[in-house]
Amino acid sequence: MSQFLVKEGVKNQIRKGEKLVTTHCCYCGMQCGMHIRVDEKNNKVVGVEPRYDWVLTKGKMCPKGVTAYQTIDHPDRIKTPLIKKNGKFVEATWMKLWI
Ligand code: SF4
């Protein structure tokens with residue numbers, strides 16, 4: 001696992017017009033602590049900050065976790081299940097997958 005190194009004692013700063021939502025990265029088993037930066041005006045996620053008070057990772061996150069928020073509004077994001085029919089993927093419902 002590659003991680004950024006940060007100085008001990010660094011605190012997260014809340015920028016004007018943004019709030020921090022405390023959570024963790026769920027991309028892999030490390031579950032690094034992080035805050036999601038949310039623009040309060042339009043309630044959009046605009047970035048993440050590592051949690052320096054997180055016991056295990058102490059402010060370290062890998063590039064994958066730091067950039068994961070960019071997938072939220074990405075135009076190529078798949079938001080519904082897809083089933084392959086006649087060689088092409090078509091949208092399906094979650095119920096359709098179980099029947
Ligand atoms: S930041 Fe990287 S190492 Fe940490 S949980 Fe996310 S993917 Fe795993």
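**Sheet, core and ligand shell of the predicted model**

Val 38 has Val 45 of strand E3 as its bridge partner. The structure is a predicted model, in which local features require pLDDT of at least 70 and side-chain atom pairs count only at pLDDT 80 or more, whereas totals for chains, interfaces and linings use all residues. Residues are numbered from 1 along each chain as its sequence is written.

Strands (DSSP runs of E, at least two residues, numbered from the N terminus) are taken to pair if DSSP finds at least two bridges between them. E2 and E3 (residues 44-50) pair in the antiparallel sense over six bridges, and Ile 36 stands opposite Val 48 in E3. In the hairpin of E2 and E3, four residues lie between the strands, and Asn 43 takes a positive phi near 55 degrees. E1 (residues 18-24) and E2 (residues 33-39) are antiparallel over seven bridges; His 24 has Gly 33 of E2 as its bridge partner.

The largest nonpolar core comprises five residues: Cys 25, Cys 32, Met 34, Val 48 and Met 61. Such a core is a set of buried Ala, Val, Leu, Ile, Met, Phe, Trp, Tyr and Cys residues joined through C-beta atoms within 7 Å, buried denoting 20 or more other C-beta atoms within 10 Å of the residue's own, with C-beta atoms placed from the backbone.

The ligand is surrounded by 11 residues, the closest being Cys 25, Tyr 27, Cys 32, Cys 62 and Gly 65; a residue is near the molecule if its C-beta atom, placed from the backbone, lies within 6 Å of it.

Technical notes:
A residue is buried if 20 or more other C-beta atoms lie within 10 Å of its own, exposed if 12 or fewer, and partly exposed in between; C-beta atoms are placed from the backbone.
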